[in-house]
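Please look over the sequence and the three-dimensional model shown here, and keep both at hand while reading. The paragraphs that follow go through the chain one region at a time.

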Amino acid sequence: MARRVAGGRGGTGAEAPGAGPRAARRPELRLPALEPYDGAELEPDGDYDGLEFREADFAGQDGGGARFMDCALTGCALDETRLHHARVLDSVLTGIRGVGTDLAESTLRDVELIDARLGGAQLYGSVLERVVVRGGKIDYLNLRKARLKDVVFEGCVLVEPDFGGARLERVEFVDCVLKGADLTEATLVDVDLRGAAELDIARGVDRLAGAVISTHQLLDLAPVLAAALGVRVDGGAEGLRPMRQAGR
């Protein structure tokens, strides 16, 4: 079984007043000696334990309800792969790629997802706990009504991620690009957005309560926040101010 060092950067979770959001706890995995996968197709409700999947092509296959425990998936193709209700535990996924991967209502716990290239990945209703997403690019990630706890997005690009109705607790965005994010009806608790290299929220900016942003990000988001509050910003008065001062 993979050895996980509990706590990570988050420590005990006890923070001094005014110290900012509680940090996410990161998984630190130590996989056991792995056996090479035999190359067979995925099976619904399959049980995969201590296996190494390298450059496997699972395009179009059905692994719904499968359990992956202490596994390493490297360079695997997951185009239209059905992994609905799957459980991925104590595992490392590196360089996976695919369009339309179905991981809806799945569980990812103590997982590292590294340099993924995914498009339209479906994780709605899923549970992510102690997960690090590092590097890579994910387009149109569907996390509607998902539950994220102790999740770190680091150095990755997320294009139009959908967090609609999701709950995010102790989630960090570090050196990552967030484009066109949808936070409609989302609940945020101890979410740290300060480290995001780019922060663009298309919908649900009114749900940012429970998140921490930087002063610079606040200025960038000002037009969206004003629109959400129904405030009309008129630059005309600002343009007249130098003239008034000059006439004194």
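Does D182 count as buried or exposed? D182 has a relative accessibility of 8% and therefore counts as buried, where buried means under 20% relative accessible area, exposed means over 50% and partly exposed lies in between, with a 1.4 Å probe and protein chains only. The model is a predicted one, in which local features need pLDDT of at least 70 and side-chain atom pairs count only at pLDDT 80 or more, while totals for chains, interfaces and linings use all residues. Residues are numbered from 1 along each chain as its sequence is written, and side-chain values use heavy atoms, with hydrogens and water left out.

D182 belongs to strand β15, which covers residues 177–182; helices (H or I, at least four residues) and strands (E, at least two) are DSSP runs numbered from the N terminus. Leaving aside residues up to four places away in sequence, D182 touches R144, P161, D162, F163, G164 and R203, a contact meaning heavy atoms within 4.5 Å. One of these residues, P161, is 21 residues from D182 in sequence, yet the two C-alpha atoms are 6.4 Å apart in space. The side chain of D182 is also joined to that of T184 by a polar contact of 2.5 Å, that is, a pair of N or O atoms within 3.5 Å in which, within protein, one must be able to donate a hydrogen and the other to accept it, and for which residues adjacent in sequence count only if both atoms are side-chain atoms.

Seen as a whole, the chain contains 2 helices and 18 strands, and buried residues make up 50% of its 248 residues. Among contacts between residues at least 6 apart in sequence, 14% join residues at least 24 apart.

The loop between β5 (51–54) and β6 holds Q61, which counts as buried because its relative accessibility is 11%. Apart from residues up to four places away in sequence, Q61 touches E41, L42, E80, T81 and R82.

What cavities does a search of the whole structure find? There are 2 cavities of 30 Å³ or more, a cavity being a set of points, on a 1 Å grid over the protein atoms alone, where a 1.4 Å probe fits but cannot get out, and lining residues being those with an atom within 4 Å of a point. The largest cavity holds about 270 Å³ of space, where grid points are joined across faces, edges and corners and a volume is the space filled by probe spheres set on the points. It is lined by 21 residues, of which L93, I96, L103, L108 and L113 are the closest to its centre. The elements giving two or more residues to this lining are β8, β10 and β11 (127–139), and the largest share, 4 residues, comes from β11. The lining of the largest cavity divides into 21 nonpolar residues, no polar and no charged, with Ala, Val, Leu, Ile, Met, Phe, Trp, Tyr, Cys and Pro counted as nonpolar, Asp, Glu, Lys and Arg as charged, and the others, Gly among them, as polar.

The second largest cavity has a volume of about 60 Å³, and its lining includes F163, L168 and F173. At least two lining residues come from each of β14 (167–174), β16 (187–192) and β17 (198–203), and the lining divides into 10 nonpolar residues, no polar and no charged.

Two loop residues complete the tour. Most residues other than glycine have a negative phi. K145, in the loop between β11 and β12 (147–154), has a positive phi near 60°, and with 65% relative accessibility K145 counts as exposed. D175, in the loop between β14 and β15, has a positive phi of about 50° although it is not a glycine, and its relative accessible area of 57% makes it exposed.

Conventions:
1 Å grid on protein atoms, 1.4 Å probe; cavity = no way out; pocket = protein on both sides within 12 Å on 5 of 7 lines; lining within 4 Å.
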